[in-house]
Amino acid sequence: MKRILSPRSAVSKIPFVQVLAAFGLAAFVLSGAFVEAASPDLVTSVPRGGQVGSEVKVTLMGSRLEDAEEVIFHYPGITAKELKVIDSKKVEVTLAIAPDCRLGEHHLRVRCRSGMSYARTFWVSQFPNHAEVEPNDDIANPQKIPMNVTIEAEAKTEETDFYEVTAKKGERISVEIEGMRINYIRQQIAVDPYVAIYDKNGVQLAAADGSALLKQESVLSIKAPEDGAYIVEVRDASYKGRGRYRAHIGNFPRPTAIYPAGGKAGTEMEFTMLGDVNGPYQWKTKLPLEALNDTAGIFALKDGMSPPSPNEVRISPFDNVLEKEPNNKHTEATPGGALPLAFNGILAAEGDEDYFQFTAKKNQSFEFRVFADSIGTPVDPVLSIYDEKMKSLGSSDDADGTKDGKLAFKAPADGTYYVRIKDMLLRGGEDFVYRIESIVPTPRIDVTMGEMLRRELQYLKQFDVPQGGYYAMVVTTTRRGVSGDLKLDMPKLPVGVTYEAGVIPKSASQFPILLKAAPDAPIAGAMYDLLAKTVDADKPVTGKFVQTLDFVRGPQNGVEYYSRYHPELPVSVVEPLPFSITVDQPKVPIVRNGTLRLKVHAHRKDGYDKKITIRFPWLPPGVTAPATMTFSEKQTELEYELNAKANAEINTWNLTLLAESDGGKGKAFCASPFVKVSVEEPFVQMKISMATAKQGETVNMIAEVEQLREFSGQADVQLFGLPAHSTAAVQKLKSDLETLSFPVVTTEKTPVGQHKGVFCTVTLVKDGEPIVHRLAMGSVLRVDPKPKEVAKEKAKPAAVASAEKKEKPLSRLEQLRLEAQKEGANK
């Protein structure tokens, strides 16, 4: 089973850019505390697509859809009308697909009064939908269909579908499947398509199981060898299918590669389309000035028809260099010139390898990146760079989740250099197209949102803001060649919605943003931009939020099989919730190595008595807190403790809590208004010397006190971590004390040994609230055993004492010594 592009792949991030509208296509008629459910939940649609320039009645299926009001598409070209809610699991809607709507994949969401659904796919074809009619699982009795239709069908376990078409000799018979990409079954591949074409006698003419172009999806084209009937077989590759598929069957062209594989942004380009059964053909188009991930999709028409899906090309700011054969040796290298450039070629035969020559100045830096597998060509590239004497300067095979390599290059000297490319297995063919870009790193800011639920990248990525309430999300900013503070911006929002976000300090990459809806904000929603900008106006850099849409995850621990990226954020105003939360603004800071208890209130409407779980979606660097806390039924107040480490970053931070509760219609979420929490240096520092006591004794533990900041009044100081059966009274600390003594009382039951977990808290009171320090961590109290008493000897009776005075008999050793002494004297 081949694995399709994951979102770590460079090209999986792109939406296809339609560039054919002006050319007449419209003339003939896309593990945790929080549960995985989202509210509302859109799973799929039937049918899964429709024809360009038509209206199609679609049933949207999922759960908690009873208050659906609108269908929102990410890109123009499709509008929804006549929406009708059937029940909580079904919504019927008529979709009007414009004549100039781009073909292929589109993304839609259902907006309900209670929130926005995940994005799901919808597919646009140049052909009308044609329904599968059962039974069609016998090759001797296939379903007869007209040419140039899109079959809407279902793949079932241990079942094969057969379709019969009629073609003239020399006519193109093409099949392209949308199967794996159009189904959402959690951690399952619903359909892994296999396609075959047979003649009327049942002789197989061609078959495909996957493709380089569409990875796990199959594409297949033949030329009809004679007039007559032909049979198309569609099934799951392992006969385990249990999902829907769309099969485009017709005379359409199906190039498997495009050359060159990119061009300069905004320029008119002529491409050669390769791999079609009728041979190469040319296609002219103007490239867009920009595209998401610098990649666009080209639909190249031939004979009035388009491929169902595009060929992808790179959009770059620099010129192309096209290979000139022969260039299999460095002495025959295609000349380039000064970088940056894009080198383009085809590994046209087995064993082919291509060399290009370029020049660079000492210390010039570039990133060489290959685009082949990631844009749908069969090449598994190996990239190498050499100096003028053919000394290797580096090599790369796979990178960033694809087979394509990348290589950082810094010129060691002025001179001539060579870049070489070959296939890992030395394969080649007419569609083995590649592109090598020498990219100059430019300052940029990547804006994303982290995973809130493992293997569920869309979870909590919808800003559903309740009327009169708040919603928060944590934004991740990755600075690339950018330093300094950043600020977030949402230039447009729904009516009645505002946002609040502080300055992201240069030391932080994650930061919260809070949206608020006015009580009278209209219930509505759409897709909006989220930007991150440098605060320094002299060095302006702007980054745009990009969201990963993980549409298909496989059975291997939920691995991503098919994902796309979208550069906007769904924001909607929803009905008021029956609960909300607030946090009392603290009057005092949290100090390093200290704690701060925040008082949180749950506001329940109309007797709402469900549990409410809260957590911090983000905390400042060096500050920690329990993962979650829960209001029990009817509880309205609790305290949430923050802990600051010794390296907690000193600043004043905006903090919000995210709350969730299930009132019986799925999870609902809201956030608390921001409170400002200041992290400051401690007021005092202490060091407690080790003390030793015997069981039952009282010993003084002496602390050296260092005042770091002035404070008024007295502080309470209390020892913690003492062994069992020992106590120490709370002591008072004045600002002028340099030492403090803690009388520690032990008992005979106090465990013997070194007790190394002793520390103290110092609690100051300011404006009626405590400032708590935790100091002298790891102090030691040693407890020794209580000394044993020596027993007094009793007086012995006279007879016993007299007997003890009698001479004791000699031991055998003493007898031998005595005999030896006598013998020595006789001599």
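Glu69, Glu70, Arg111, Arg113 and Glu575 are joined in a network of salt bridges, a salt bridge being a side-chain nitrogen of Lys or Arg within 4 Å of a carboxyl oxygen of Asp or Glu. The model is predicted, so local features need pLDDT of at least 70 and side-chain atom pairs count only at pLDDT 80 or more, while totals for chains, interfaces and linings use all residues. Residues are numbered from 1 along each chain as its sequence is written, and side-chain values use heavy atoms, with hydrogens and water left out.

**Salt bridges**

Over the whole structure, 38 salt bridges are found.

| Pair | Closest N and O atoms |
|---|---|
| Lys156 and Glu134 | 4.0 Å |
| Glu152 and Arg244 | 3.6 Å |
| Arg553 and Glu560 | 3.7 Å |

Lys156 forms a salt bridge with Glu134. Lys156 lies in the loop between strand E12 (149-155) and strand E13 (160-167), and Glu134 in the loop between strand E10 (129-131) and strand E11 (143-144), so the pair ties together parts that are 22 residues apart in sequence. Helices (H or I, at least four residues) and strands (E, at least two) are DSSP runs, numbered from the N terminus. Lys156 is partly exposed at 35% relative accessibility, and Glu134 is partly exposed at 36%. For these classes, buried means under 20% relative accessible area, exposed over 50%, and partly exposed in between (1.4 Å probe, protein chains only).

Glu152 forms a salt bridge with Arg244. This pair links distant parts of the chain, with Glu152 in strand E12 and Arg244 in strand E19 (residues 243-250), 92 residues apart. Glu152 counts as buried, at 6% relative accessibility. In the pair of Arg553 and Glu560, both residues are buried.

Glu176 belongs to strand E14 (residues 172-178) and is buried, with a relative accessible area of 0%. Its side chain is joined to that of Ser309 by a polar contact of 2.6 Å. A polar contact is a pair of N or O atoms within 3.5 Å; within protein, one must be able to donate a hydrogen and the other to accept it, and residues adjacent in sequence count only if both atoms are side-chain atoms. Leaving aside residues up to four places away in sequence, Glu176 touches residues including Leu214, Arg246, His248, Phe252 and Arg254, where contact means heavy atoms within 4.5 Å.

Lys611 is placed in the loop between strand E50 (594-604) and strand E51 (612-615). The C-alpha atoms of Lys611 and Asp662 are separated by 7.7 Å, although the two residues are 51 residues apart along the chain. Among the residues that Lys611 touches, not counting those up to four places away in sequence, are Phe631, Glu633 and Glu660.

**Second largest pocket**

The second largest pocket is lined by 29 residues, and Ser39, Ser114, Leu577, Lys667 and Ala668 lie nearest its centre. On a 1 Å grid over the protein atoms alone, a pocket is an open set of points with protein on both sides within 12 Å along at least five of seven lines, and lining residues have an atom within 4 Å of a point. Strand E56 (658-662) and strand E57 (667-671) are the elements that give two or more residues to this lining. E57 gives the most, with three residues.

How values were computed:
On a 1 Å grid over the protein atoms alone, a cavity is a set of points where a 1.4 Å probe fits but cannot get out, and a pocket is an open set with protein on both sides within 12 Å along at least five of seven lines; lining residues have an atom within 4 Å of a point.
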